Amino acid sequence: MIKKKSKFSLLMVQFTIGFATLLFGLSCIFNLLQYKKSIEALVPLDTVHAYINEKNPLSEKSMLNEYSNVFKQLKEKNLVEKLGLFEPMYVYDIPNPNFQEKKNESHLNILNNDSIEMLKLTLQEGTIEPLQTDIHSFENIPVVVSAALKDQYRVGQTYPRYYMNGNTDKLEKIEIKVVGVLAPSVHFWPGGSTKISDNIIYNTEFILAPQFKEFESDLTYAYNSLIQLPEHEARGVSLEQIKSVFNRNGLDLQYTTLQGEINSYNESRKVVIISTITFAAILLVLSLLGSIGAILANISTRYKDFGIYYSLGLTKNNIIRLVFGEITVIFGGSFILAAAICKILFATLFVNEALMLNVSVIAMHSPL
């Protein structure tokens with residue numbers, strides 16, 4: 001029994017490593033699928049993300065007016081069909097957030113009208129229509145919240161909140177009224193990046209509100225803009241015309257389609273996924289061959305044990321079920337242990353990779 005236990009333990013270690021590696025690879029694949037799905041759920045993939053390549057990003061000079069004027073020119077010249085902008089901000093449920101815990105902080109995004117019209121927001125409760133009306137007051141601002149905030153913000157309820165005014169460095173009070181809860185599959189852009197879709201699948205707790213105040217941050221115009229081009233013109237020509245407007249104002253505009261961001265993201269993950277899946281497959285095949293040899297050798301040396309079982313009344317079917325039960329324990333135990341290891345790693349070492357181990361990943365693993 002001691003010898004058999006040591007052999008089974010070695011097999012479990014082999015299978016655990018193989019299963020863990022395979023689950024890691026499948027989680028990366030699921031990450032790619034979710035990444036594209038999250039973007040498609042918001043806007044068409046041919047939407048253009050434009051960002052300004054700042055010559056001196058450490059400069060304290062505010063470029064807000066320059067950026068704002070250029071974006072106005074794009075609308076006036078009819079170079080864009082829609083120009084969506086959003087500005088992230090933090091709101092607090094107490095008047096002095098500086099000495100409070102993070103639990104009193106919520107991530108709120110202010111969206112201009114074009115951005116709201118561009119988005120394809122799916123709700124599980126409530127309606128999006130109140131966000132499409134003009135807001136001229138800090139009271140009863142209609143908002144929709146992500147599914148992760150459903151228990152914290154109830155539909156139909158009004159909540160007083162405070163935010164830091166960037167112009168006066170003072171706290172301002174607003175009242176938000178929850179008019180809808182987004183579907184669990186809906187995520188939103190974190191913002192402030194040359195790739196607007198960076199970490200989108202990891203951004204699950206947010207509030208969306210219509211623009212109730214002027215944008216205060218340079219980053220809003222520099223990074224958080226999405227453009228829908230006119231349909232009647234060639235895309236290449238339209239983009240060059242847009243870029244020329246920025247060049248005439250001394251600004252270096254860069255742009256990419258959301259499909260391009262997806263392709264870039266997939267390309268960066270391709271080598272890791274292929275190598276991980278290949279390594280896992282080799283490990284599992286070697287482990288499987290080793291387990292078959294060990295089990296067959298174990299059966300051939302256990303004829304006395306089987307004879308005793310047979311004399312005690314066990315049938316051949318009982319003995320076969322016993323052997324298959326041992327194999328199942330090895331496979332099942334190894335898989336559970338591998339899943340637990342991956343879960344811990346995803347929550348610690350790979351927390352910034354937005355890797356997930358859920359029913360979908362396990363379902364992908366089942367056919368393999």
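**Note on the cavity, cores and selected residues**

1. By class, the residues lining the largest cavity are 8 nonpolar and 4 polar, with no charged residues. The model is predicted, and every value in this note is computed from it. The space in this cavity is about 60 Å³. The count of cavities of 30 Å³ or more comes to 2. As a general point, rolling a probe the size of a water molecule over the atoms shows where empty space is left.

2. Which residues line the largest cavity? They are Val 43, Gly 84, Leu 85, Phe 86, Ser 115, Met 118, Leu 119, Trp 189, Ile 196, Asn 224, Ser 225 and Leu 226. Strand 2 has the largest share of the lining, with 3 residues.

3. Val 43, one of the lining residues, is found in the loop between helix 1 (2–40) and strand 1 (48–52). Is Val 43 buried or exposed? Its relative accessible area is 1%, so Val 43 is buried. Leaving aside neighbours within four places in sequence, Val 43 is in contact with Met 118, Leu 119, Lys 120, Trp 189 and Leu 258. Among these, Met 118, Leu 119 and Trp 189 also line the largest cavity. Val 43 and Leu 258 are 215 residues apart along the chain, and their C-alpha atoms are separated by 8.9 Å.

4. For the chain as a whole, the secondary structure comes to 9 helices and 10 strands. Of its 368 residues, 42% count as buried. Among contacts between residues at least 6 apart in sequence, 78% join residues at least 24 apart. The accessible surface comes to about 19900 Å², and 57% of that surface belongs to carbon and sulfur atoms.

5. The largest nonpolar core has 44 residues, of which Leu 108, Ile 176, Phe 212, Ile 242 and Phe 246 touch the most other members. Helix 2 (residues 64–76) gives the most to this core, with 5 residues. Another core, of 33 residues, lies apart from it and includes Ile 128, Val 179, Leu 226 and Leu 258.

6. What does Phe 212 touch, leaving aside its neighbours within four places in sequence? Phe 212 is in contact with Met 89, Leu 108, Ile 110, Ile 135, Ser 137, Phe 138, Ile 141 and Ile 174.

7. Asn 109 lies in strand 3 (residues 105–111). It counts as buried because its relative accessibility is 0%, and the cut-off for buried is under 20%. Beyond its neighbours within four places in sequence, Asn 109 is in contact with Phe 86, Glu 87, Pro 88, Phe 188, Phe 206, Ile 207, Leu 208 and Ala 209. Phe 86 is also in the lining of the largest cavity.

8. Most residues other than glycine have a negative phi. Asn 78, in the loop between helix 2 and strand 2, has a positive phi near 55 degrees. With 57% relative accessibility, Asn 78 counts as exposed. Asn 199, in the loop between strand 7 (171–182) and strand 8 (207–210), has a positive phi near 60 degrees. Its relative accessible area is 47%, so Asn 199 is partly exposed.

Terms used
Residues are numbered from 1 along each chain as its sequence is written. This is a predicted model: local features need pLDDT of at least 70, side-chain atom pairs count only at pLDDT 80 or more; totals for chains, interfaces and linings use all residues. Side-chain values use heavy atoms; hydrogens and water are left out. On a 1 Å grid over the protein atoms alone, a cavity is a set of points where a 1.4 Å probe fits but cannot get out, and a pocket is an open set with protein on both sides within 12 Å along at least five of seven lines; lining residues have an atom within 4 Å of a point. Grid points are joined across faces, edges and corners, and a volume is the space filled by probe spheres set on the points. Helices (H or I, at least four residues) and strands (E, at least two) are DSSP runs, numbered from the N terminus. Ala, Val, Leu, Ile, Met, Phe, Trp, Tyr, Cys and Pro count as nonpolar, Asp, Glu, Lys and Arg as charged, and the others, Gly among them, as polar. A nonpolar core is a set of buried Ala, Val, Leu, Ile, Met, Phe, Trp, Tyr and Cys residues joined through side-chain atoms within 4.5 Å. Buried means under 20% relative accessible area, exposed over 50%, partly exposed in between (1.4 Å probe, protein chains only). Contact means heavy atoms within 4.5 Å. Accessible areas come from the Shrake-Rupley method with a 1.4 Å probe; for residues, only the protein chains shown count as cover.
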